[in-house]
Amino acid sequence: MDEAALIREIACVVRGQIGVLATGDPAAADARLAAVLNAPAVDPERLLDVLESDAGLHRVAAEALAAGSPALASLAVVRSAGLPGHGDPDFLPTRFACPEADFVWYRRSVGGAPPACPTHGAVLVADRQQ
Ligand SMILES: [Zn+2]
């Protein structure tokens, strides 16, 4: 995954947990990310600008970017909530993505139902990509 793809994936993952991760206005940050992700040509610099404009999003995005692991942005929620899986490198939750590639959500518990994409209302599709 090149850096542009990594930034895009991190932005999608952050959207899936934005209500927990954002320290500012999650709805406003989500709307801005959705606008950039659904532009004809996705500009990773603009995604970074949005992520860096919120302290909470900036922290998890920087961590995931440094590690080269978009899934880390999702796991940040697990760590902050102190849920099972904390610190376990083998803990890889199932990834669900919008077919329009603008929203990613990780299922971290058995039976947890994925939300619909807030932008497209689309049913998220499970895959094994990490
Ligand atoms: Zn979507």
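**Reading helix packing and burial**

Reader: At what angle do α1 and helix α5 (residues 55-67) pack, and how far apart are their axes?

Author: Two packed helices are described by the angle between their axes and the distance between the axes. In this structure α1 and α5 pack at an angle of about 140 degrees, with their axes 10 Å apart (axes are lines fitted to C-alpha atoms, for helices over the stretch in contact, with angles from 0 to 180 degrees between N-to-C directions). That angle makes α1 oblique to α5 (under 35 degrees counts as roughly parallel, over 145 as roughly antiparallel, 65 to 115 as roughly perpendicular, and the rest as oblique). The model is a predicted one, in which local features need pLDDT of at least 70 and side-chain atom pairs count only at pLDDT 80 or more, while totals for chains, interfaces and linings use all residues. Residues are numbered from 1 along each chain as its sequence is written.

Reader: How does α1 pack with helix α4 (residues 44-52)?

Author: The angle between α1 and α4 is about 40 degrees, and their axes lie 9 Å apart, which makes α1 oblique to α4. Here α1 passes α4 in a left-handed crossing, where A4, I7, R8, A11 and V14 of α1 meet P44, L47, L48 and L51 of α4. The classes in this contact are eight nonpolar, no polar and one charged.

Reader: What are the angle and the axis distance for α1 and helix α3 (residues 26-37)?

Author: The two pack at about 145 degrees with axes 10 Å apart, and α1 passes α3 in a left-handed crossing. A11, C12 and R15 of α1 touch D30, L33 and L37 of α3, a set with four nonpolar, no polar and two charged residues.

Reader: Is α1 itself mostly covered or uncovered, and how does its length compare with the expected span?

Author: Of its 14 residues, 10 are buried, so α1 is mostly covered (buried means 20 or more other C-beta atoms within 10 Å of the residue's own, exposed 12 or fewer, partly exposed in between, with C-beta atoms placed from the backbone). The buried residues of α1 are I7, R8, E9, I10, A11, C12, V13, V14, R15 and G16. Helix α1 spans residues 3-16 and reaches 20 Å from its first C-alpha to its last, close to the 20 Å expected at 1.5 Å a residue (1.5 Å times one less than the number of residues).

Reader: Where does R107 lie, and what does R107 touch?

Author: R107 is found in strand β2, residues 104-107 (strands are DSSP E runs of at least two residues, helices H or I runs of at least four, numbered from the N terminus). With 16 C-beta neighbours inside 10 Å, R107 counts as partly exposed. Leaving aside residues up to four places away in sequence, R107 touches P93, T94, F96, G112 and P114; F96 is 11 residues away along the chain, with 7.5 Å between the two C-alpha atoms.

Definitions and conventions. A crossing is left-handed if the near helix is turned anticlockwise from the far one by less than a right angle, and right-handed if clockwise. Two residues are in contact if their C-beta atoms, placed from the backbone, lie within 7 Å. Ala, Val, Leu, Ile, Met, Phe, Trp, Tyr, Cys and Pro count as nonpolar, Asp, Glu, Lys and Arg as charged, and the others, Gly among them, as polar.
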